[in-house]
Amino acid sequence: MGELEVEKHAKYILAVEKKKDDFQSVVMEHLRLNGAYWGLTTLDIIGKLDAVNSDDVVSWIMQCQDESGGFGGNIGHDPHVLYTLSAIQVLALFNKLDILDTEKVANYIASLQADDGSFAGDIWGEIDTRFSYIAICSLALLHQLDKINVEKAVKYILSCQNVDGGFGCIPGGESHAGQIFCCVGALAITGHLHLLDKDLLGWWLSERQVKCGGLNGRPEKLPDVCYSWWVLSSLIMIDRIHWIDKPKLVQFILDCQDKENGGISDRPDDAVDVYHTYFGIAGLSLLEYPGLKPIDPAYALPVDVVNRIFLSS
Amino acid sequence: MLMGLKVLESENENKQIENLRSPTCSYIITRKKRGFGITMDSEDEVNGKRVPFSNRPEWADIKPVPQDDGPNPVVMIDYKHEFVETMDYFRAVYLAGERTPRSLDLTREAISLNPGNYTVWQFRRLILEHLNVDLHDELQFMDQIATKNPKNYQIWHHRRWIAEKIGVGAAQKELEFTRTTFSQDAKNYHAWSHRQWVLLNLGGWEDELSYCDELLNDDICNNSAWNQRFFVVTKSPLLGGLDVVRDSEVMFSIKAILAKPGNESPWRYLRGLYQNNAKSLVDDPRVASVCIEGLLGGSQYVHALNLILDALVHQFRPNNDLKGAIEAVYSSLDLPDLATDSELAVRVCCILEKVDPIRASYWQWRKTTIPSQAL
């Protein structure tokens, strides 16, 4: 079996943060907060978070906060729950959640819940089960779940469940592993996993594994390393992880590494990026690959970070 | 593919740029193969040869605002000049709240350089509302940029916003537009969400089932089209509901299965038609027959066997033809002898473990759930 090139991946992530001429940085400026979450969580999983100056990161994050309480993707950008969750997660990594005006952030998120229990991403009203997960995960990390109508939120999520046991982005939407992760995660965090048909969903998820060992997100699609997270974390949350061939998946993820320059790509021989590097390594952590910190499948943060939030308050 | 990008192709291969499959991956630029270079094209493909803002007299009154990366920027970014300039001017009008025709044009240029920048889109919407622009013109703009950015969340959301404002009159155009998108990628998740929203909110169900026929004719493995089919038969106000169409839909699925028994989608669709009641499904002689054909016909019988297994554990009593077919497959696979034919469900699990080894643990678990009557 191949090796995980931990040093190379650490170097790759640190370089991405600092690279001057990188085209990817230029066009992803508006979602830098997401990038920070992917990069920094990966560094934490591989035990290299101290290579980053946390004060610099924290002060930059706080400048991304808007007067509404929500966070934009970078300084000067409009607030959106996508970046609000990343902000909360990165502050959690650095154990700096206490600098937040929790009430203010929570109110922003809660204001985005619609009458049917669904959540918009921001004031412009796009509805998607991704935002249900984001809202619930964010508020749980801030101990503010009581700000929303949890029962209605759960009801809406269940209305997006399909007859195959999976979930789409809206009622009737095709079952998709990314949306499934969001719905299952939200149900896990709010204590409603018993409402799922775990056997039916577990089977659908196990069918995502293709011959080469990788996972796809829907029937008859190509495998992609990011599904190592979406599918795997879902399977763990419903206690069905043993239904896939773990060694084969490990090998697939390792084959997606750029062993020369570091980083992981969506499938072997494609260009790497921080997003797939994170999901590949997070997936390996879920598969208990040696030397990696364990990661919580629902909160997508290292277990010690989650424990710090929930066990010591 | 972002505007203004050219990919250097290797001499001997065709372009192998592939859009990422996950919607979340849409944040990332289109994949390139490792070793290919990319270069930013300095030509503005939408407006022709570009004149810097600093040279445009109509912008002479504006002081551009540079990106504020904070006192100790975590990320030092070296931007390309036209991108920098455009965004500096954008920031100026954004901070000033200027909602004029020239700032509308500016957002168009900013979007052309980076259609993922959601803040630009949001400001554009504020300007469109303020100027009361004819949104049909806006849809035309959307058509132009959409072809190169089929998986961009902001574009789809903006489109939704426009369609919602135009109302029912937008239905046909939006159905046509998603149809065009599907001609490039028939599984585009964003496009399917949009199409479903259009049908539910603006109507246009008349030809939807036959459109599903068309797509499945092109690619019987298109799971999105199968999902849409289920959406139509369950939600269309014109078809009478699932009970009315079930029979013909079973026939349709069986035809698809016969064409390609290893295709996951029609099996799931069949189960959906019967709300996952496997016993009722296999009680239908047409379904039992297609299972038998699959078993006798070749190697793509995993889905057939799974369905039979589900039915067996729910007291389904197979006829001799089906039993015979299962036993024939069992003996062909060099599996250990099992004594009596009352262990049919166990045989099925053993077969599945052998022919679908990647899910061996799942099939082993299935064996443990066989109730004693089915043994």
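A: Packing angles run from 0 to 180 degrees between N-to-C directions, and axes are lines fitted to C-alpha atoms, for helices over the stretch in contact. This is a predicted model, in which local features need pLDDT of at least 70 and side-chain atom pairs pLDDT 80 or more, while totals for chains, interfaces and linings use all residues. Residues are numbered from 1 along each chain as written, chains are lettered from A and ligands numbered from 1 in written order, and side-chain values use heavy atoms, without hydrogens or water.

In chain B, helix H4 (residues 135-146) packs on helix H6 (residues 171-184) at an angle of about 5 degrees, and their axes are 12 Å apart; helices here are DSSP runs of H or I with at least four residues, numbered from the N terminus. H4(B) and H6(B) are therefore roughly parallel to each other, a term for angles under 35 degrees. On the side of H4(B), the contact (heavy atoms within 4.5 Å) is made by B:Leu139, B:Asp143 and B:Ala146, and these residues meet B:Lys173, B:Glu174 and B:Phe177 of H6(B).

Elsewhere in chain B, B:Gly116 has its place in the loop between helix H2 (101-113) and helix H3 (118-131). B:Gly116 counts as buried because its relative accessibility is 11%, where buried means under 20%, exposed over 50% and partly exposed in between, with a 1.4 Å probe and protein chains only. Leaving aside neighbours within four places in sequence, B:Gly116 is in contact with A:His30, B:Asn152 and B:Gln154; of these partners, B:Asn152 is 36 residues away in sequence, with a C-alpha to C-alpha separation of 6.6 Å from B:Gly116.

B:Asn276 is not a glycine, although its phi is positive, about 65 degrees, and with a relative accessible area of 31% B:Asn276 is partly exposed.

In chain A, helix H11 (residues 227-237) is mostly covered, since 10 of its 11 residues are buried, among them A:Tyr227, A:Trp229, A:Trp230 and A:Met237. The elements that cover the buried residues of H11(A) include helix H9 (177-189), helix H10 (198-206), helix H12 (246-255) and helix H13 (274-286) of chain A.

Definitions and conventions
Helices (H or I, at least four residues) and strands (E, at least two) are DSSP runs, numbered from the N terminus. Angles under 35 degrees count as roughly parallel, over 145 as roughly antiparallel, 65 to 115 as roughly perpendicular and the rest as oblique.
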